Amino acid sequence: MIMKKLVLLTLVCVLTAGISNAQKINRDDFYIGARATGAELSFGSGTNFGIAAEGGYFLFDKFAFGGLFGLNYTSENGESNTSVILMAGGRYYFLEMGSGALFAGAYAGIEKLESDTSFAIDLRGGYSIFVADNVAIEPTVGVFIPFAKNHDATFGIGCGFTLFF
């Protein structure tokens, strides 16, 4: 019983210290970043690789509104395509812990795939690991949902970095 209390007390102390040292995501700050996604799994029969740049402005503490520009390479049913993505959306940092913060983001916009232009949604969550006061490495998990004919949704993981100003 004493061992359980000691472990619990140690865990509470570590988490409290981590939360008090967490990076603050403040109103009127900017962020810019880039990410690569390479372990994408298509809900159809293909594979996907993408790169994206995004940036935003913190309208409120922990909430930023911004944009995303991306390029995706898709291989489905024996065909390969490259698409261009332009989206607007937001990012919310909902839990600061340790040297980072968990976030969730949602973007909506257009995807240009060869001669087709269609609506698409990108939903992504991740953890910003602050390696300096204004630099974070960000592993992410998400889903990209295009509304184009013959183009399946993809679920994947990625990693990137972000600069905060």
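The questions and answers below concern a predicted model and look at its surface patch, a glutamate and its aromatic rings.

Reader: Which strand gives the largest share of the nonpolar patch?
Author: The patch on the surface is formed by Phe49, Ile51, Phe69, Leu71, Tyr73, Val84, Leu86 and Ile110, which together have about 710 Å² of accessible area. Two or more residues are given to this patch by each of strand S2 (47-60), strand S3 (63-76) and strand S4 (79-97). The largest share, three residues, comes from S3.

Reader: Is Glu138 buried or exposed, and which side chain does it join in a polar contact of 3.0 Å?
Author: Glu138, which is found in strand S7 (residues 135-146), has a relative accessibility of 4% and therefore counts as buried, since the cut-off is under 20%. Among the residues that Glu138 touches, leaving aside those up to four places away in sequence, are Tyr93, Phe103 and Arg91. The polar contact of 3.0 Å joins the side chain of Glu138 to that of Arg91.

Reader: How many residues apart in sequence are the parts that the pair of Tyr93 and Phe103 ties together?
Author: The ring centres of Tyr93 and Phe103 lie 5.5 Å apart with their planes at 50°, so the pair is tilted. Tyr93 lies in strand S4 and Phe103 in strand S5 (residues 100-113), so the parts tied together are separated in sequence by 10 residues.

Reader: What is the relative accessible area of Phe60, and is Phe60 buried or exposed?
Author: Phe60 forms a tilted pair with Phe63, their ring centres being 6.4 Å apart and their planes at 35°. Whereas Phe63 is partly exposed at 28%, Phe60 lies over the 50% cut-off and so counts as exposed, with a relative accessible area of 54%.

Technical notes: Residues are numbered from 1 along each chain as its sequence is written. This is a predicted model: local features need pLDDT of at least 70, side-chain atom pairs count only at pLDDT 80 or more; totals for chains, interfaces and linings use all residues. Side-chain values use heavy atoms; hydrogens and water are left out. Patches are made of residues with over 30% relative accessible area and no salt bridge: like charges are joined within 9 Å, nonpolar side chains (Val, Leu, Ile, Met, Phe, Trp, Tyr) within 5 Å. Accessible areas come from the Shrake-Rupley method with a 1.4 Å probe; for residues, only the protein chains shown count as cover. A salt bridge is a side-chain nitrogen of Lys or Arg within 4 Å of a carboxyl oxygen of Asp or Glu. Helices (H or I, at least four residues) and strands (E, at least two) are DSSP runs, numbered from the N terminus. Buried means under 20% relative accessible area, exposed over 50%, partly exposed in between (1.4 Å probe, protein chains only). A polar contact is a pair of N or O atoms within 3.5 Å; within protein, one must be able to donate a hydrogen and the other to accept it, and residues adjacent in sequence count only if both atoms are side-chain atoms. Contact means heavy atoms within 4.5 Å. Rings of Phe, Tyr and Trp (its six-membered ring) pair if their centres lie within 6.5 Å; planes under 30 degrees apart count as stacked, over 60 as edge-to-face and the rest as tilted.
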